[in-house]
Amino acid sequence: MTTQVPLADAGDIGAAETANNLGVLMIRQKKWQQAQVQLTRACSIYEAKLGPLHSTVARVAQNLAMLLNSQHQYRDALVYFLKSLKAQQSLPDQFGPLELAESCSRVGSCLRAQGQNGEA
């Protein structure tokens, strides 16, 4: 008789950490779709458990946005770039001016890729 180990609850930080680590691994293996699924899951769990203005949410959202942007999914990427930027702006003690400038630049690049030059 085998014992089944229950999967981690979707609201569990451990599940988010696992999903994030799997997402990073999938990126390294160039498994873009699987990486997107895992990073999206991680971001959702972290945001639900830690709130939208947390440094971990900012970092995972940024990673997901960069992946989506590299796959030319600009509209979706912009959502996560902005989520990350908002969190970073609310945490000036954790994100310095250089990181904020880089995030603003990424938002602008994403807007330009969508032809929204005026908003960039």
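This is a working chat about a predicted model of one protein chain.

User: What should I know about the source and the numbering?
Analyst: It is a predicted model, where local features need pLDDT of at least 70, side-chain atom pairs count only at pLDDT 80 or more, and totals for chains, interfaces and linings use all residues. Residues are numbered from 1 along each chain as its sequence is written, and side-chain values use heavy atoms, with hydrogens and water left out.

User: How many helices and strands are in the protein chain?
Analyst: There are 5 helices and 0 strands. Read from the N terminus, the elements run α-α-α-α-α. Helices (H or I, at least four residues) and strands (E, at least two) are DSSP runs, numbered from the N terminus.

User: What does the C-alpha trace span along its principal axes?
Analyst: About 65 × 30 × 20 Å.

User: And how much of the protein chain is buried?
Analyst: Buried residues make up 33% of the 120 residues. Buried means under 20% relative accessible area, exposed over 50%, and partly exposed in between (1.4 Å probe, protein chains only).

User: Charges next. How far apart are the mean positions of the positive and negative ones?
Analyst: They are 7 Å apart, for 11 positive and 9 negative charges. Lys and Arg count as positive, Asp and Glu as negative; His and the chain ends are not counted. The place of a charge is NZ of Lys, CZ of Arg, CG of Asp or CD of Glu.

User: What share of contacts comes from residues 24 or more positions apart?
Analyst: Such residues account for 55% of the contacts with a separation of 6 or more. Contact means heavy atoms within 4.5 Å.

User: Let's go to H3. Which of its residues are buried?
Analyst: Ser55, Val57, Ala58, Val60, Ala61, Gln62, Leu64, Ala65, Leu67 and Leu68.

User: What do the buried residues of H3 pack against?
Analyst: Four partners: helix H1 (13–28), helix H2 (32–50), helix H4 (74–90) and helix H5 (97–113).

User: What span should H3 have, and what does the model give?
Analyst: The 16 residues of H3 should span 22 Å at 1.5 Å a residue. The end C-alpha atoms of H3 are 23 Å apart, which agrees. The expected span of a helix is 1.5 Å times one less than its number of residues.

User: Where is Ser55?
Analyst: In helix H3, which covers residues 55–70.

User: Why does Ser55 count as buried?
Analyst: Because its relative accessibility is 11%.

User: Which side chain does Ser55 join in a polar contact?
Analyst: That of Gln94, at 3.0 Å. A polar contact is a pair of N or O atoms within 3.5 Å; within protein, one must be able to donate a hydrogen and the other to accept it, and residues adjacent in sequence count only if both atoms are side-chain atoms. Not counting residues up to four places away in sequence, Ser55 touches Leu91, Gln94 and Phe95.

User: Now H2. Is Cys43 buried or exposed?
Analyst: Cys43 is buried, with a relative accessible area of 1%. Cys43 sits in helix H2.

User: What is Cys43 in contact with?
Analyst: Val60, Ala61, Tyr80 and Lys83, leaving aside neighbours within four places in sequence.

User: And Gln36, buried or exposed?
Analyst: Gln36 counts as buried, at 18% relative accessibility. Gln36 is also in helix H2. Gln36 touches Leu64, Leu67, Leu68 and Gln73, again not counting residues up to four places away in sequence.

User: Where is Ser84, and what does it contact?
Analyst: Ser84 is in helix H4. Ser84 counts as buried, at 0% relative accessibility. Leaving aside neighbours within four places in sequence, Ser84 is in contact with Ala58, Ala61 and Gln62.

User: Switching to backbone. What phi does Lys30 have?
Analyst: A positive phi of about 60°, although Lys30 is not a glycine. Lys30 is in the loop between H1 and H2. At 60% relative accessibility, Lys30 counts as exposed.

User: What about His72 and its phi?
Analyst: His72 has a positive phi of about 65° and is not a glycine. His72 lies in the loop between H3 and H4, just after H3. At 57% relative accessibility, His72 counts as exposed.
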